[in-house]
Amino acid sequence: MADYTTEELKEYLETAVNIARTAGKEVQNKFYKKKRTEIKSSLGDPVTETDKLIEKMFVTTIKEKYPSHRFIGEESTAAGKRTSFTDNPTWIIDPIDGTTNFVHCLPYVCISIALVIKQQVVLGIVYNPMHDLMYTAIKGQGAFCNEDTIHVSGQEEIGRSLIHASATMSNCEIKLNNMKALLQAGAGLRYFGCVAEGLCHVANGSLDAYVDSGFHAWDVAAGALIVEEAGGILLDPTGGPFDLMCRRILVASSQNLASTITPLLTHIEYPKD
């Protein structure tokens, strides 16, 4: 017997959606105001008071309602609070995915929330409060945006594809070479600076694939499930099974497209989350 029922998952989803909407109002209120920032691992990895406020809001609300649930959050992890990844119900939270965009008032920012039970992601929420787009999924029940069903494009040809790919300071040369390889294969490229939103654009058919590495579990946990539930292919960029803790991802609108992309890439190993 499963450790949760469909009704329980729907309740968890409703609770998390309500928190995300409340948190979204904080983002909207602070969006065009000057932000106080701190630097975490590098200059390209800032954190604001709003990031911390939203994570605290979520953890406090969930703890009151579900005292046995655990948490893995970007800001608490950055502050040194480590939570082991166990079989217990665990919420994985990125209070603001796209903090640099938030600091610069670029409206590609999302609140990303996933629930993991027995180390399997069972629900995901990605909310862009500036565009009022609420992406949701429960495992096995499809993917939605503002309660409308969404589906990947089904594109199979790389020459007709629009792909999200990024280059950051970490392993910059390898990532730039990967982008060059995709361009030479005929793909168009985009980069949003917000992992969760990029994944959701594959889920809704706006993008045909997404490839990235160097992120953390809280960046992709919700978005990866949403893509799968929208009919997408979820893999490690090597072509092997996706591992949430391995910090690499390839999602595509079809198996053919994923199989075309994989051999074009040079793969990067990162320490696991």
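Is C105 buried, partly exposed or exposed? I found C105 to be partly exposed, at 28% relative accessibility; buried means under 20% relative accessible area, exposed over 50%, and partly exposed in between, with a 1.4 Å probe and protein chains only. The model is predicted, so I noted that local features need pLDDT of at least 70, that side-chain atom pairs count only at pLDDT 80 or more, and that totals for chains, interfaces and linings use all residues. Residues are numbered from 1 along each chain as its sequence is written, and side-chain values use heavy atoms, leaving out hydrogens and water.

I next looked for disulfides, meaning pairs of cysteine sulfur atoms within 2.5 Å, and the count was 0. For C105, the nearest cysteine sulfur belongs to C194, 15 Å away. I recorded C200 as buried, at 0% relative accessibility.

I then turned to I163, which lies in strand β10 (residues 162-164); strands are DSSP runs (E, at least two residues), and helices are runs of H or I with at least four, numbered from the N terminus. I163 is buried, with a relative accessible area of 0%. Its contacts (heavy atoms within 4.5 Å) include L182, L189, V211 and I261.

Finally, I traced an open sheet of 5 strands in the order β11-β10-β12-β14-β13, with mixed pairing; two strands pair if DSSP finds at least two bridges between them. The edge strands are β11 (188-190) and β13 (233-235). Strands β10 and β12 (residues 209-213) run parallel, joined by 2 bridges.

Conventions:
Lists of a residue's contacts leave out its neighbours within four places in sequence.
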